Amino acid sequence: MIGMDIGPDGEPVIVVVVRADGSHTVRVGDVCPVLAAELLRGIADRIIADHAPIPYPVTPQAEQLLDAEPAGPDAGRLDQFRSVWHDPAGNVFDLTLRWADAQGLTWHWHGDMDPVSGVPMLTCDQWPGKHPLDVLRAGRGPIRPVLDGAA
């Protein structure tokens, strides 16, 4: 929550409330809307810059979900609740993000898993079909998350 009130110097202060479900309320009062937007954009840029590829810490409840979704004996595991893939080597992939390959093409997940290996299947606007994440990494890697439009 960012507050809006009259500060000690008599100047208006911005209020922003973001709820756990993502809904929000913004009031700028007497603050110039352009200045308020610049301030909020700067805050958003800082939050995005600090965003790690995994969106949330693993909680005991999430750990139970992870353990409940093994893809195979030697494969990774999917946290369906958070759309996070843990590969067998311990790498973590936030599947809610777009991923850029070494050539700069972006790939995204639509919820499909390879029926044989259990690995997430990703699609690319420039390539036909779906491709397993491990094959994508081996053939077009390394891959990196695309945050705020930039990889």
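## About the model

The structure is a predicted model, in which local features need pLDDT of at least 70 and side-chain atom pairs count only at pLDDT 80 or more, while totals for chains, interfaces and linings use all residues. Residues are numbered from 1 along each chain as its sequence is written, and side-chain values use heavy atoms, with hydrogens and water left out.

## The three-stranded sheet

Let's start with an open sheet of 3 strands, ordered β3-β4-β5 and paired antiparallel. Strands here are DSSP runs of E with at least two residues, and helices are runs of H or I with at least four, both numbered from the N terminus; two strands pair if DSSP finds at least two bridges between them. β3 (77-79) and β5 (92-94) each have a single partner strand, so one side of each lacks a neighbour in the sheet. From one strand to the next, the twist averages 20° (angles run from 0 to 180 degrees between N-to-C directions, with axes fitted as lines to C-alpha atoms).

β4 (residues 84-86) pairs with β5 over 3 bridges in the antiparallel sense. Within this part of the sheet, His-86 stands opposite Val-92 in β5.

## The β8–β9 hairpin

Further along, β8 and β9 are joined by a hairpin through 2 residues. The two strands run antiparallel and share 4 bridges. Leu-122 has His-131 in β9 as its bridge partner.

## A tilted tryptophan pair

The model holds 2 aromatic pairs, counted when ring centres of Phe, Tyr or Trp (its six-membered ring) lie within 6.5 Å; planes under 30 degrees apart are stacked, over 60 edge-to-face, and the rest tilted. Trp-107 and Trp-127 have ring centres 6.1 Å apart and planes at 50°, so this pair is tilted. Trp-107 sits in β7 (residues 106-113) and Trp-127 in β9 (residues 127-132), 20 residues apart.

How accessible are the two rings' residues? Trp-107 is buried at 1% relative accessible area, whereas Trp-127 is partly exposed at 35% (buried is under 20%, exposed over 50%, partly exposed in between, with a 1.4 Å probe and protein chains only).

## The nonpolar core

The largest nonpolar core has 15 residues, and Trp-85, Phe-93 and Leu-133 have the most contacts inside it. Such a core is a set of buried Ala, Val, Leu, Ile, Met, Phe, Trp, Tyr and Cys residues joined through side-chain atoms within 4.5 Å. β7, β8 (120-124) and α3 (133-140) each give two or more residues to this core.

Which residues does Leu-133 touch? Leaving aside residues up to four places away in sequence, Leu-133 touches Trp-85, Phe-93, Val-119, Pro-120, Leu-122 and Ile-143, where contact means heavy atoms within 4.5 Å.
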